[in-house]
Amino acid sequence: EVYFKNLSKQKQKEVMEKNGNNHKLRVCVATCNRADYSKLAPIMFGIKAEPQFFELDVVVLGSHLIDDYGNTYRMIEQDDFDIHTRLHTIVRGEDEAAMVESVGLALVKLPDVLNRLKPDIMIVHGDRFDALALATSAALMNIRILHIEGGEVSGTIDDSIRHAITKLAHYHVCCTRSAEQHLIAMCEDHDRILLAGCPSYDKLLSAKNKDYMSIIRVWLGEDVKTRDYIVALQHPVTTDIKHSIKMFELTLDALISFNKRTLVLFPNVDAGDKEMVRVMRKKGIEHHPNFRAVKHVPFDQFIQLVAHAGCMIGNSSCGVREVGAFGTPVINLGTRQTGRETGENVLHVRDADTQDKILHALQLQFGKQYPCSKIYGDGNAVPRILKFLKSIDLKEPLQKKFCFPPVKDNISQDIDHILETQSALAVDLGGTNLRVAIVSMKGEIVKKYTQLNPKTYEDRLELILKMCVEAASEAVNVNCRILGVGISTGGRVNPREGIVLHSTKLIQEWSSVDLRTPISDALHLPVWVDNDGNCAALAERKFGHGKGVENFVTLITGTGIGGGIVHQHELIHGSSFCAAELGHIVVSLDGPECLCGSQGCIEAYASGIALQREAKKLHDDDLLLVEGMSMKKEETVSAAHLIQAAKLGNAKAESILRTAGTALGLGVVNILHTVNPSLVILSGVLANHYVNAVKDVINRQALSSVKTVDVVVSNLADPALLGAASLVLDYTTRRIY
């Protein structure tokens, strides 16, 4: 540590000598709004405190100079900073065009200012459209740019603007390790990236012990207690203004119903902000006894307000970044901050499309206290940034260098390459057969291979690899690009590790098996593994009746009974990956023995194996065959013979099928009473034989509130293979899984 400190001092000394001992670094800090000033102010104080190294010029523009947003330039003056230039750059309007015109107006006015100031470096923060105008002007006028908070991921147009500024900037100060890695992945020079943390944390982490009750009383009233009020800050989402206005309206309705004192801050200057203000006034928020609506709160006071709030709600980056330092509960609404790193204090409501959903989130979060998070900083960002500024050598070439990763020799594209179909290799490990298929993005099975499933682990793995290699080679001929391998198998699976934990008795030597590693190593492709029942549910979610359905259950009726549960569009695996073992729901305490070792499971009544067992009993007693049926001497008795006998009027076969259908129906009723899905999908070869029986049992046995559930038969020809493919296709095309 001492060595590196001495090395750093030596470097700074060399830089000072190169730049000229008497030359101070002339730094221009441009601030556009209250949010970026909270990040820039600590740096400005640090620069001002070292006049022997720096000269500071402050340029103020954007919403700082608008009365509707509190004329927040005054807080810069109150902090005793001299404002060199004020630029009125906001074109008033309520749509995207006004934002574009504001950028254009800033681009017209900034060159004159920069010509007069002639800064050595300009500090630009974040991802606002005003900041893009600043970075564009400085880059075109050959002024070095230091970008604060690059490399982060949030959502909407902000990401595009932030990354555009990154490409214009010469130096980067990032807040998290992930942001640093993103900048490196974007080909930025590692030597010009500083992982410093967020400058606002320097103030946050030393602020909580100050007197706060007087601040709370000023903004929320004399009778308010700590942890008994809410701070709301919501901005329009410029890529979907109409939806964000509706979400804000639902948020206010939920806050009114929740009946707690609430401080509501006006939104940022963005397309849609005026409409949000109109919604506030339409609902009487400014005159409601429980609400205080304000245009601006000074940052040091805002810190105290969120630090002692019962909850913060909205879509501001402050909620997912700064508030974590205090452990205050946060409800993040919508997609504006989707990609941000967050602490455990943040509850995301991605689809805030109902008042009840937001109200439920308030009930879950309000009044909790979470551990403090330091994801975005440790309180020492400013010293690091000042040290970084001192190390800048103004005699280095201004032209940026990009650090591109090595690439293979360029191969010209031909029409076949352009028209390749994105596809997956799907593997289905059944009790009898092993199948591999090439499945396209649209769910088309392009090519399928089938072999008998070997009895030993070594033979089985060898055959899987052989069939996958053959299919991958054939994919080139059928113009398919393989994105990965998805495997559907019986038994209990850890999908995170790609390991079969315990298998069913139908597949021997198939416990504690790592499938992901050998297949991924052999094919050089990513591999996903899951239980066959879960895969069937995923197939329905992507290609079948479950598409777009929030809550549904899939039941596979085949050799065994399995299934999968999708709740709020997500597949449920359970704490030990044993969720949705629906075939082992017990429907009778003294029923037939199941392969799992228990008695009275659905599988012991309604599976293909159970029906085959009953068919053999009838056949042994010469009670199976009826007129119109015949069997060869060497033919094995199967469930199909039982079904045929029932269709031809065999009363005993009919009774067995009726009992099986009733057992399955009782299991479905238990599922309805437990997870309350809106849809039940019966899949597999026996589904058509059971669907009416299941509906009858629901009508007789289920509570009235769940009797309206839809019960349908799957229309997918091969759910196991399609589900295995969807493991790959959902993930590699950035769907949530």
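This is a predicted model: local features need pLDDT of at least 70, side-chain atom pairs count only at pLDDT 80 or more; totals for chains, interfaces and linings use all residues.

Reader: At what angle do α10 and α14 pack, and how far apart are their axes?
Author: The angle is about 50 degrees, and the axes of α10 and helix α14 (residues 355-365) are 8 Å apart. That makes α10 oblique to α14, because an angle has to be under 35 degrees to count as roughly parallel and from 65 to 115 to count as roughly perpendicular.

Reader: Which residues meet there?
Author: On the α10 side you have M247, L250, T251, D253, A254, L255, S257 and F258. They meet Q355, I358, L359, L362 and Q363 in α14.

Reader: And how does that contact split by class?
Author: The contact of α10 with α14 has 8 nonpolar, 4 polar and 1 charged residues.

Reader: OK, what about α10 and α11: how do the axes cross?
Author: Helix α10 (residues 241-258) and helix α11 (residues 273-282) have axes that come within 10 Å and cross at roughly 25 degrees. The two are therefore roughly parallel to each other. The crossing is right-handed here too.

Reader: Which α10 residues does that contact use?
Author: I245, F248, E249 and L252 of α10. From α11 come E275, M276, V279, M280 and K282.

Reader: Who's in the contact?
Author: α4 brings M99, S102, V103, A106, L107, L110 and L114. α5 answers with F129, A133, L134, T136, S137 and A138. By class, the contact of α4 with α5 comes to 10 nonpolar, 3 polar and no charged residues.

Reader: Changing topic: what's up with the backbone at C187?
Author: Its phi is near 75 degrees, a positive value in a residue other than glycine. For background, most residues other than glycine have a negative phi.

Reader: Where does C187 sit, and is it buried or exposed?
Author: C187 lies in the loop between α7 (177-185) and β7 (193-195). At 11% relative accessibility, C187 counts as buried, because the cut-off for buried is under 20%.

Reader: And Q568, what's its phi?
Author: Phi of Q568 is near 55 degrees, again positive in a residue other than glycine. Q568 is in the loop between β23 (561-567) and β24 (570-571). Its relative accessibility is 48%, so Q568 counts as partly exposed.

Reader: Zooming out, how many helices and strands are there in the protein?
Author: 25 helices and 26 strands. The C-alpha atoms fill a box of roughly 105 × 65 × 50 Å along the principal axes.

Reader: What share of the residues is buried?
Author: 54% of the 737 residues. The protein exposes about 33200 Å², and carbon and sulfur atoms supply 51% of that.

Reader: Last one: what share of the contacts joins residues at least 24 apart in sequence?
Author: 68%, among contacts between residues at least 6 apart in sequence.

Terms used. Residues are numbered from 1 along each chain as its sequence is written. Side-chain values use heavy atoms; hydrogens and water are left out. Axes are lines fitted to C-alpha atoms, for helices over the stretch in contact, and angles run from 0 to 180 degrees between N-to-C directions. Helices (H or I, at least four residues) and strands (E, at least two) are DSSP runs, numbered from the N terminus. Angles under 35 degrees count as roughly parallel, over 145 as roughly antiparallel, 65 to 115 as roughly perpendicular and the rest as oblique. A crossing is left-handed if the near helix is turned anticlockwise from the far one by less than a right angle, and right-handed if clockwise. Contact means heavy atoms within 4.5 Å. Buried means under 20% relative accessible area, exposed over 50%, partly exposed in between (1.4 Å probe, protein chains only). Accessible areas come from the Shrake-Rupley method with a 1.4 Å probe; for residues, only the protein chains shown count as cover. Ala, Val, Leu, Ile, Met, Phe, Trp, Tyr, Cys and Pro count as nonpolar, Asp, Glu, Lys and Arg as charged, and the others, Gly among them, as polar.
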